[in-house]
Each structure stands twice: as C-alpha cells, then as structure tokens.
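Dear colleague,

Please find below the structure that I am handing over to you. My notes on it follow.

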Amino acid sequence: MTTTERRKNPRLRTLLGGTVCFNQRRSTLDCLVRNLSDEGALLLLSDAVALPGAFDLDIAQRQRSYNARVRWRDGGRIGVAFEAQPESQSVVPLDMARRLKNCEQDNARLKSRIRQLTEAG
C-alpha cells in the first residue's frame, strides 16, 4: 500500500510541546506537536476536548505562534493548517508577545493604583 503525499511541503516529525490558545487567549490547552511544516501541523490532544475551529498555537521551543485552523480530527489526532499572516501584521516572537502582555497588565494595575491614591488624597 502506498500513500500519496498531498502537501506542498512535507512535514517534519517532531516531539514538541504546544499550547492551544482561544477565547481571546484566556483559554489554553496543552498539546503535543507530532509533525510540523510552514503550512500546518499534527497535534495530539485528549479526544474529549472541545476545540474551536480556529485558534492560536504557541510552540515555545520554536518561539513561534501560529494562527491555526482545524482541517480534520480523528479522536485525539488533529490536523491543522496555518493561516498566512496579513502583510500589515508582522510576526512577533512568542517571548516578546508574552513580555508585552505582562507589561500591559502591569500598566493597568499601576494606573488603577494611581487612581486609588489620587482619590484617597
């Protein structure tokens, strides 16, 4: 039995930890990335997990985040395709995106504290 590869670029076998992020990055699920290419990946998740059709996939070891869309699912095996980033949206390394998010949260906390102190005085 021979299988025909239909992908433009073959996927490389991997054993990487990943994080599926959705609900404006407020909900996360850990997954295992079993193969990867520039166009998509094969993810392993619990087959009981309800997953939206589109989500962000963070792969910390590669310092990358992808916009992913589910192409097929067979129990806990999920094939995803990566969506092209718009030209106006540059790719930001994952660690930099996390640092930015933390800075924005710190900024909001400091503004709230300043508001509390000025109202109390």
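This is a predicted model: local features need pLDDT of at least 70, side-chain atom pairs count only at pLDDT 80 or more; totals for chains, interfaces and linings use all residues.

Which residues is Phe55 in contact with, leaving aside its neighbours within four places in sequence? They are Val20, Cys21, Phe22, Leu43, Tyr66, Asn67, Ala68, Val70 and Val80, where contact means heavy atoms within 4.5 Å.

Residues are numbered from 1 along each chain as its sequence is written, and side-chain values use heavy atoms, with hydrogens and water left out.

Regarding confidence, pLDDT is the predictor's confidence in each residue, from 0 to 100. The protein averages 86, and 85% of the residues score at least 70. Confidence is lowest in helix H1 (residues 94–120), with a mean of 89, and highest in S3, at 96. Helices (H or I, at least four residues) and strands (E, at least two) are DSSP runs, numbered from the N terminus.

Phe55 also belongs to the largest nonpolar core, which has 17 residues. Such a core is a set of buried Ala, Val, Leu, Ile, Met, Phe, Trp, Tyr and Cys residues joined through side-chain atoms within 4.5 Å. Those with the most contacts inside it are Val20, Val33, Leu43, Phe55, Leu57, Val80 and Phe82. Two or more residues each come from strand S1 (12–22), S2, strand S3 (40–44), strand S4 (54–59), strand S5 (64–74) and strand S6 (77–82). Buried here means under 20% relative accessible area, exposed over 50%, and partly exposed in between (1.4 Å probe, protein chains only).

Turning to charged pairs, a salt bridge is a side-chain nitrogen of Lys or Arg within 4 Å of a carboxyl oxygen of Asp or Glu. By this rule the count is 4. One of them joins Arg25 to Asp56, with the closest N and O atoms 2.9 Å apart. This pair links distant parts of the chain, since Arg25 is in the loop between S1 and S2 and Asp56 is in strand S4, 31 residues apart. Arg25 is partly exposed at 32% relative accessibility, and Asp56 is likewise partly exposed, at 21%.

Asp58 forms a salt bridge with Arg25 as well, at 2.4 Å between the closest N and O atoms. Asp58 lies in strand S4 and Arg25 in the loop between S1 and S2, so this pair ties together parts that are 33 residues apart in sequence. Asp58 is buried, at 3% relative accessibility.

Asp106 is partly exposed, with a relative accessible area of 36%. Elsewhere, salt bridges that share partners join Arg25, Asp56 and Asp58 into one network.

Asn35, in strand S2 (residues 27–36), is buried at 15% relative accessibility. The side chain of Asn35 reaches the backbone nitrogen of Leu42 at 3.1 Å.

Finally, the structure holds 0 disulfides (pairs of cysteine sulfur atoms within 2.5 Å). The sulfur of Cys31 is 9.1 Å from the closest cysteine sulfur, in Cys21, and therefore too far for a bond. Cys31 is buried, with a relative accessible area of 9%.

Yours sincerely

Conventions
A polar contact is a pair of N or O atoms within 3.5 Å; within protein, one must be able to donate a hydrogen and the other to accept it, and residues adjacent in sequence count only if both atoms are side-chain atoms.
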